[in-house]
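Welcome! Please take a look at the structure shown here, and then let us walk through some of its features together.

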Amino acid sequence: MSDYDSIIIGAGHNGLVCAAYLARAGQKVLLLESAEAPGGLAANREFHPGFKTSVAHVVNHFSDRIASDLKLARYGFEGSSNVTLVTGLGREGRHVTVDGHSVTGVEQGDAEAYRRFAAQMRRFADALKPFWLKTIPRAAPGKWSDMSTFARIGLKLRLLGKDDMREFMRVAALPARDLVDENFDSELLKAVLCWDGLIGSKMAPRSPNNAVLPMLYRTAQGQSGTPGSLIEALQASARAAGVEIRTGTTVDRILVNPGQDGLVAEGVILAGGEHIHASRVVSSADPKTTFIGLAGIDNLEIQFTNRIRRLRCDGFVAKLHLALNGLPEFTGLDRLNGRLLIAPTMNDIEFAFDHAKYGEYPPEPVMEIVIPSLQDASLAPQEKHVLSAHVMYVPYRPKGGWNKQAKAALYERIIERLSGYAPGIRDQIIHAELLTPAELERDYRVSGGHWHHAEFALDQMLMMRPTYEAAQYSTPLPGLYLCGAGCHPGGDLTGAPGHNAAREILR
Amino acid sequence: MSTNDPYAGERLKLSPFYPRASVLNIREAWSAWNGYKFAEYYYDAEYEYFCVRNQCATYDICPMQKYLVKGRDAEAMLNRMVTRDITKLKLNRVTYVVWCTDEGRLVDDGTIFKLASDEFMLTCGSSCIAWLRMSTYGFDEVNVFDVTDDIAALSFQGPTSCAVLKEMGLEGIEQAKPFDILRFPFHGDTLMVSRTGFTGDLGYELWISPGLALELWDELYSAGEDYGIQPFGEAATNMARLEAGFIMPDMEFNEALKTVHFEHDQTPFELNLGWLVDFSKPHFNGRRALLEEKKRGPKYTLTRLDIEGNKPAEGSYLYGDRNCKKKEIGYVTSAMWSPAVKANIALAMIRTDCLQGEIWAEIYYEKELRHYQKVARCTVKDKPFWSPPRARATPPPDY
Ligand SMILES: Cc1cc2nc3c(=O)[nH]c(=O)nc-3n(C[C@H](O)[C@H](O)[C@H](O)COP(=O)(O)OP(=O)(O)OC[C@H]3O[C@@H](n4cnc5c(N)ncnc54)[C@H](O)[C@@H]3O)c2cc1C
């Protein structure tokens, strides 16, 4: 006897999206979240009395289709179709700012080149955009049933016209550095443009495999806004559709029973021992956690489990949260909106990565900074502010492991680096929280603390995401589905995996 | 071999029985198996075959891969890996098993020995340590040890084998049922004897530490002197196993992990080993794919053929009509003239939907450098060609 049509593990934004779609289609849905509040990596959390923020600090390209299907505007998500500004912080206050169409702070030549480059990248991104909301068919001999998706990708690219199509084919697999080197002179601008190809991945500007696709994924037009309002709206939309949400509830195991044709996932067993039955279980936990931790290898096939085992999941982003007694002052910058990057040159990014590759944390980390309390005043007490930074590259497993001293040393380097651009910041700090990838793993139940749940690179993309036989949201274990960032298209706050999984389930 | 041999690491390993076996390898007919120097035959393949069938003979199985699988989760791990239900295997018993890929294609076959509730020995023809490592991933308490070089093993087969072991002083050996494991004190160590083998006849396999290998050989050969004991090699083994209907890698099947083309490997159903696939087990590797195949029926079925005439149908194509005009329906995997059965026998992969109709083999053979072709009618045999009652009798008849 099933208590529910679907149980969804994890109320991150993808779990919420999937739950809302299923409930709107008439299913009885239970959403289980281990944390005290929904939202996953995008959940606002108090890290110091009166100060809140979320690990994921900006929404850049949330799907507008999903926003409208789930009526998120009505539930308070005021998404904007403007791209969030990105400012590369320069020495002595000579900054470069891009808005997706134009750039300021560079020579005339670069400014013109950027307009051309940005327009072309937008055309590529627009051509690819429909596929982030598609299920990528399996590439198996004799299974040509849904090859139309591939045909449509081909057609979309043809429609770009001959020149664009050729150019797309040429650049698609370029390392980020080669792409921007071809186009620009300004070191700072080049570093800024690389960033979205790299952040969250085990990749630096010179790395192959693959920066251009993530860049285009993130260039796809969508809704931008604050994670807090997105999660609030998703939650309200899901509840309105009838989703039952239980927070503070950890799933210990997926309930697997012998059925007519072999094992079937039939529900979950909670940490307290309670069994809940459902016609299917949909997991937004990362693939490693889902299969190895929750479903159990003895319920899965040998080769499949070993493909999950070798998924690349080590995170390289650490998270810094500062409670500040006022708005920080960055040299030469009067407005602190958008994303601020401390990554003066591509070499700085590359060298930071070199250290992390060998298990060290970088002497001069690179980072993306946001002041969330500027967008949402409820995140800090009056006159006070929150600074949130994604710090790269910080290894999940440093040599010698993580300990107090290692963390303190890393913290010192980050603040030192930050002070180079915001000289007074040290004195403004009321409280600081630094989360290493290992701590993100522990606190957010994400393997490796990985931004995308599993590395977002060619070998783990499209019909290989997370691995074949689980790349169409169903899994080799009947009754078990995936709906989190470990599925196509990948991480970031887009809602796409949750949406695609719901469509497959309702098919 | 001098220590400054530049090819030291490349040379074939020698079995612990080599000092004795090499003396008897009159023809120096050596080949290799799993990196060991290994006898193709010693004196004459046919002669050795007759010794296996009429007297007794030893086959050096040191190169066979042996793995100890130990720990609380050993049974669970093996049970998920193989298609048979290992939880039903009793202590000191052996069972024949196959294991498959996720898609239900045969990786290899072998035997599992249950040595303790948490200790099993797995033997198989070629290395499978990588597969075992993959299979143990995720189990908390299981360790796999490759003990191939730590155990000397001798297969001892033939109608007089039990009598020889008794003569050697293995008291109570006649009480061993097929697939039983017995242990005997031997020079301060333990000699393990299992009633197993690859000849389809009465026979045993003897397991001893390598340091006592020569003592074992000497005592066995001295006890067996009047019983016609003789070593046999790969060639005679291949004849005996074909009569027994056992499959061989690279003949009846390709190990799935080593094939390149899709479906150039086989499933247990195609190999007529459906009886090894236990669907009462809720889960094992490849179960879903195998269940589908069982419902659908295998495309090919490994079939025993009795072929008219006396020309071995090696490598023959099979047809559903005497003129060999219509579509071919299969191919012969192994064939021989069987002296024991006095028949022209073969194993063949035949399209399952053609098994009911006529089967004709197009046989090519050679006579004094001239090539000839003939077409021979084939009859499907349900039972193994060679399966004497003594192979199963306990105690076996005395000689
Ligand atoms: C440091 C960092 C910074 C990031 N910054 C940004 C950003 O600025 N912008 C952006 O777009 N993206 C950002 N991302 C990426 C983005 O946060 C993720 O890709 C996204 O949150 C994935 O959403 P999800 O719903 O799939 O998974 P998650 O948000 O990870 O949610 C999964 C949920 O499942 C729950 N769960 C797991 N196991 C269990 C269990 N056994 N029982 C119950 N519940 C369970 C977890 O508690 C969690 O709430 C960042 C990621 C990281 C790591």
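## Where the chains meet

Let us start with polar contacts: between chain B and chain A, 14 residue pairs are in polar contact, with both residues at pLDDT 80 or more. On the side of chain B that touches chain A, the elements giving two or more residues are α3 (74-81), α4 (129-136) and α8 (287-296) of chain B. Please keep in mind that this is a predicted model.

The count of salt bridges between chain B and chain A is one. In a salt bridge, the side chain of A:Asp261 meets that of B:Lys295, at 3.1 Å from N to O.

## How much surface is covered

The contact draws 21 residues from chain A and 23 residues from chain B. Together, the two chains bury about 1900 Å² between them, and carbon and sulfur atoms give 54% of this area.

Which three residues supply more than any other three of the area that chain B buries against chain A? They are B:Asp102, B:Tyr137 and B:Arg288, which supply 36% of that area.

Is B:Tyr47 buried, partly exposed or exposed? B:Tyr47 counts as partly exposed because its relative accessibility is 37%, and partly exposed lies between the cut-offs of under 20% for buried and over 50% for exposed.

Definitions and conventions
Residues are numbered from 1 along each chain as its sequence is written. Chains are lettered from A and ligands numbered from 1 in the order in which they are written. This is a predicted model: local features need pLDDT of at least 70, side-chain atom pairs count only at pLDDT 80 or more; totals for chains, interfaces and linings use all residues. Side-chain values use heavy atoms; hydrogens and water are left out. Buried means under 20% relative accessible area, exposed over 50%, partly exposed in between (1.4 Å probe, protein chains only). Contact means heavy atoms within 4.5 Å. Buried area is the accessible area (1.4 Å probe) that two parts lose on being put together, summed over both. A salt bridge is a side-chain nitrogen of Lys or Arg within 4 Å of a carboxyl oxygen of Asp or Glu. A polar contact is a pair of N or O atoms within 3.5 Å; within protein, one must be able to donate a hydrogen and the other to accept it, and residues adjacent in sequence count only if both atoms are side-chain atoms. Helices (H or I, at least four residues) and strands (E, at least two) are DSSP runs, numbered from the N terminus.
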